[in-house]
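Hi,

Here is the structure I promised to pass on.

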Amino acid sequence: MTQQPAATSDKLDAGVLTVAGVVVLGAIMSILDVTVVSVAIPTFQSEFDATYARVAWTMTAYTLALATVIPLSGWAADRFGTKRLYMIALALFTIGSGLCATADSINQLITYRVLQGLGGGMLMPLGMTIMTKAAGPHRIGRLMAVLGIPMLLGPIGGPILGGWLIDTASWHWIFLINLPIGVIALVYAQLALPKDNPEPSESFDFIGMLMLSPGLALFLYGISSLPEAGTIAETKVWAPMLVGAALVVGFIVYSFKPRHPLLDLRLFANRNLTIASVTLFVFIIAFMGAGLLFPSYFLQIRGESTLTAGLLMAPQGIGAMLTMPIAGMLADRVPVGRTVPFALVLIAAGFFTFTQIDPHTSYWLLCGSLFVMGLGMGGTMMPIMTSALKTLHAQEVARGSTLVNILQQIGGSVGAAVMSVILTSELNGSQPIPGAVDPNSGKPVTESGLAIAAQLQPDLLRQFPVPAQLIERGLDFAASSFATTFWVGFALVLTTFIPAAFLPRWRKPSQPLDGQQTEQTPAPVVIH
């Protein structure tokens, strides 16, 4: 193999950055959409007169669609070409966004979010494949730092943008704003992405698809129904979970038989990929699950506007912005096992503050803790993903990124469902107000429920005056419920240290792309 100017072309050149621009633009749309919707949940509750558990489906349906379509993206990228498929994904996402803005019921909005998720689910794995092919594995750490840009802009810009659009215009605009971005991204992709030659050599694994995609969808549907049902004993919770789990287990057993399975689990024979994937999975459950509740605390307990809640979340993104580029460069030179544990310590330290919250916790303390967590997040996600992908051969990258992305989506769904269940069950333990019944559900109104409603709709107390001490008692209980939920998240963050301890801590010789051992390894750049 003589394509070894790898060592000299360590920096990302203009061609690679042009391609990266397309991918970053698509990823910004996809990630912004998740964070924008997180601050819109209380708005959807009042707009569509729906419960929190019902409205949470606007995020869950999107994630379900993502998880269902991701397994297809590896095969489809080989079969149809990454450029063509990436543009189809962009178009689907943009059309879904336009439809979401037209929804006039919560069920309609949930349905359109599924369409949006079908497009969004392919954007990240395809984007990672396009960028890795463009830059080569020797620059994958720097590459991940570039791909980290949307992961920074999401936490910073999403809640602020969503809050500003909801406060100054209407909730429709959190979806409408994707239309011009989507059109620009499509034109940019057509002009900037190189033509690739599809290689329809692999047969499509229809049996695998019939097991994995419905299995994941059913399992995640069951988990996501828990907050609304309140117990795992409900048929709509355990039945789809059981059927879904059986299909997924069936797929795992079956997937080692075909030559080209839908999801290539044989890649887990690569120790680095396995350790990094487990670490990422546990981390995503803890961080993404609890992270969705941060804006809810500011909105429901502190009574802030959506814009203010978005601004209060910004320190987390700013912290990540400072460390992510450094972590990306270090990932090409220093084994991630030496850096990630330090980043996890920062996350755990910042997270601990949220286990102590009450209705009057200092904003300086909360914002400072979010900033520290952001510093840790910037040094965690991208290096772990780098460790997962950098030792794969060129032909394995598409399938490897598919594996990593599907684990992220499953982890995010499980985390969101678990945290929602814990928070909902904690809030349900609040004292009922004698004689007060919710006209929609027919259930008694609790002190915490009334207090949260009063924070979201201050006019409510002018229409129905209630004693101030009752509201204060309800807020204390609700804040305590959030704190209990954050304790679970904190425990999960600590659990992440276990797989992280097995991440590579020493350098190894570079892995050549053709899989053969070679004597000449360029010294300056080390793959491991």
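**What I found**

Of the protein's 528 residues, 57% are buried (buried means under 20% relative accessible area, exposed over 50%, partly exposed in between, with a 1.4 Å probe and protein chains only). Before you go further: this is a predicted model, where local features need pLDDT of at least 70 and side-chain atom pairs count only at pLDDT 80 or more, while totals for chains, interfaces and linings use all residues. Residues are numbered from 1 along each chain as its sequence is written, and side-chain values use heavy atoms, with hydrogens and water left out.

**Overall make-up**

There are 21 helices and 2 strands (DSSP runs numbered from the N terminus: helices are H or I with at least four residues, strands are E with at least two). Of the contacts with a separation of 6 or more, 80% are between residues 24 or more positions apart (contact means heavy atoms within 4.5 Å). The accessible surface is about 21,300 Å², and carbon and sulfur atoms hold 67% of that (Shrake-Rupley method, 1.4 Å probe; for residues, only the protein chains shown count as cover).

If you like surfaces, V183, V187 and L191 make a nonpolar patch of about 310 Å². Patch residues have over 30% relative accessible area and no salt bridge; like charges are joined within 9 Å, and nonpolar side chains (Val, Leu, Ile, Met, Phe, Trp, Tyr) within 5 Å. A salt bridge here is a side-chain nitrogen of Lys or Arg within 4 Å of a carboxyl oxygen of Asp or Glu. V183 sits in helix 8, residues 178-192.

**The inside**

The largest nonpolar core has 129 residues, and F44, Y86, L109, I174, F175 and F486 touch the most other members. Helix 3 (residues 57-80) gives the largest share of this core, 12 residues. There is also a second, separate core of 6 residues, with I433, L450, A451 and I471 among them. By core I mean a set of buried Ala, Val, Leu, Ile, Met, Phe, Trp, Tyr and Cys residues joined through side-chain atoms within 4.5 Å.

Now for some individual residues; the contact lists leave out neighbours up to four places away in sequence.

- F175 touches D33, V37, F44, S97, C100, A101, L109, R113 and Q116.
- F486 is in helix 20 and is buried at 0% relative accessible area. Its contacts are A290, L293, F294, F351, F354, T355 and I357. F486 and L293 are 193 residues apart along the chain, with their C-alpha atoms separated by 8.7 Å.
- T485 is also in helix 20, which covers residues 468-495, and is buried at 0%. T485 is in contact with L293, M419, I422 and L423.
- A67 belongs to helix 3 and is buried, at 0% relative accessibility. A67 touches L216, L220, I406 and Q409. A67 and A217 are 150 positions apart in sequence, yet 7.3 Å apart C-alpha to C-alpha.
- L299, in helix 12 (residues 293-301), is buried at 3%. Its C-alpha is 7.4 Å from that of Q455, 156 residues away along the chain.

**Cysteines**

How many disulfides does the structure hold? The count is 0, taking a disulfide as a pair of cysteine sulfur atoms within 2.5 Å. C100 is buried at 0% relative accessible area, and C367 counts as buried too, at 17%.

Cheers
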